[in-house]
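Hello,

Here is the structure I promised to hand over. Please open it first, then read the notes below it.

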Amino acid sequence: MRILVTGCNGQLGNEMQLQAKDNPQHEYFFTDVVIPEGSVAQKLDITNEAEVEAFVEENKIDCIVNCAAFTAVDKAESNEDFCNLLNNIAPGYLAKAVGKRGGSMVQISTDYVFDGTNYKPMTEELPTCPNSVYGRTKLEGEESVKANCQNYLIIRTAWLYSTFGNNFVKTMIRLGKEKPELGVIFDQVGTPTYARDLATVIFVAINKGIVPGIYHFSNEGVISWYDFTKAIHRLAGITTCHVRPLHTEEYPTPANRPHYSVLDKTKIKRTYGIEVPYWEDSLEVCVHKLLNDK
């Protein structure tokens with residue numbers, strides 16, 4: 001297959017590039033809107049419909065994995081138009097272009113399509129109810145993909161981190177080394193997702209054949225941000241920083257965060273025959289890479 005991966009400079013995009021090396025049977029086109037010097041990636045503005053259609057046609061793309069998104073949740077509250085352009089309209093352009101060719105589309109979505117007031121792991125059938133600009137635009141992006149490409153795979157994920165880019169794990173390691181004390185939210189619970197595990201699952205779906213639909217994926221287990229931070233510091237050998245639990249009300253933010261965002265992974269496990277790694281096992285792998293890979 002000829003596979004286009006957008007947003008290749010981000011956390012998931014970089015992990016997709018690594019996974020591609022283990023899947024040499026395909027031909028890849030890695031793109032982003034800004035290309036670092038020396039990168040093998042190509043420039044592509046996914047918010048330009050004509051540019052997207054031309055790229056997909058000229059390169060005879062069979063499958064698109066869209067890793068590009070506006071993910072700054074708080075900034076989205078004051079940048080709704082641009083957030084909607086990147087999270088909703090652009091995925092529609094990509095889906096339409098590859099759909100015309102009879103190809104497939106993998107769209108990454110989020111737990112923020114729910115309001116976080118549930119009390120048990122959320123299935124794909126649960127009614128959506130976003131309460132932030134980010135959540136609304138990502139949900140609208142799901143609908144845009146479904147409307148423009150029949151062979152779609154939408155994967156909702158949560159708490160994404162990796163050795164690439166800026167993320168919670170890297171921030172907590174940095175702050176843990178710099179500060180004697182940190183306050184971290186304890187009344188928001190969910191499950192982290194190691195981007196490398198998500199990239200692996202995407203390739204499993206592509207190689208086995210996409211079964212159209214919406215799926216949930218994160219690592220296994222349930223923790224709070226406070227527990228996550230304690231585990232990060234323990235695995236990173238940080239002992240000089242005291243981490244204290246905070247209520248959500250003690251750390252106000254422009255965007256509402258889900259208090260409960262545990263995703264039920266039963267559907268994706270049964271459909272593709274996968275086992276999902278436990279969150280702490282994957283975190284240990286990532287922290288080891290961060291501390292030892294230069």
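**Around Gln-11**

Leaving aside residues up to four places away in sequence, Gln-11 touches Leu-160, Tyr-161, Ser-162, Phe-164, Asn-166, Asn-167 and Ala-195. Keep in mind that this is a predicted model. Gln-11 is found in helix H1, which covers residues 11-20. Is Gln-11 buried or exposed? Gln-11 is buried, because its relative accessible area is 16% and the cut-off for buried is under 20%. One of its neighbours also makes a polar contact: the side chains of Gln-11 and Asn-167 are joined at 3.0 Å.

**The nonpolar core**

The largest nonpolar core has 31 residues. Tyr-161, Val-169, Phe-228, Ile-232 and Leu-283 have the most contacts inside it. Five elements each supply at least two residues of this core: helix H6 (168-178), strand S8 (181-185), helix H8 (225-236), strand S13 (242-246) and helix H10 (279-292). Which of them gives the largest share? That is H8, with six residues.

Not counting residues up to four places away in sequence, Val-169 touches Tyr-161, Phe-228, Ile-232, Leu-283, Val-287 and Leu-290. As background, nonpolar side chains in soluble globular proteins tend to be buried together.

**Helix H7**

Helix H7 covers residues 195-208 and has 14 residues. From its first C-alpha to its last, H7 reaches 20 Å, close to the 20 Å expected at 1.5 Å a residue. How much of H7 is buried? Ten of its 14 residues are, so H7 is largely enclosed by the rest of the structure. The buried residues are Ala-195, Arg-196, Asp-197, Leu-198, Ala-199, Val-201, Ile-202, Phe-203, Ala-205 and Ile-206. After H7 comes Gly-209, with a positive phi near 110°.

**Salt bridges**

Side chains of opposite charge can pair when their charged atoms come close. Here the count comes to 13 salt bridges. Some of them are described below.

- Glu-80 and Arg-136 meet through their side chains, at 3.7 Å from N to O. This pair links distant parts of the chain, 56 residues apart: Glu-80 is in helix H4 (residues 80-100) and Arg-136 in helix H5 (residues 133-148). Glu-80 is partly exposed, at 39% relative accessible area. Arg-136 is partly exposed too, at 33%.
- Glu-143 forms a salt bridge with Lys-146, and their closest N and O atoms are 3.4 Å apart. Both lie in helix H5, and because they are three residues apart, about one helical turn separates them. Glu-143 counts as partly exposed at 42% relative accessibility, and Lys-146 counts as partly exposed at 30%.
- Glu-181 forms a salt bridge with Arg-244, with the closest N and O atoms 2.8 Å apart. Glu-181 lies in strand S8 and Arg-244 in strand S13, so the pair ties together parts that are 63 residues apart in sequence. Glu-181 is partly exposed, with a relative accessible area of 40%. Arg-244 counts as partly exposed at 35% relative accessibility.
- Glu-220, Lys-265 and Lys-269 are linked in a network of salt bridges.

Best wishes

Technical notes. Residues are numbered from 1 along each chain as its sequence is written. This is a predicted model: local features need pLDDT of at least 70, side-chain atom pairs count only at pLDDT 80 or more; totals for chains, interfaces and linings use all residues. Side-chain values use heavy atoms; hydrogens and water are left out. A nonpolar core is a set of buried Ala, Val, Leu, Ile, Met, Phe, Trp, Tyr and Cys residues joined through side-chain atoms within 4.5 Å. Buried means under 20% relative accessible area, exposed over 50%, partly exposed in between (1.4 Å probe, protein chains only). Helices (H or I, at least four residues) and strands (E, at least two) are DSSP runs, numbered from the N terminus. Contact means heavy atoms within 4.5 Å. A polar contact is a pair of N or O atoms within 3.5 Å; within protein, one must be able to donate a hydrogen and the other to accept it, and residues adjacent in sequence count only if both atoms are side-chain atoms. The expected span of a helix is 1.5 Å times one less than its number of residues. A salt bridge is a side-chain nitrogen of Lys or Arg within 4 Å of a carboxyl oxygen of Asp or Glu.
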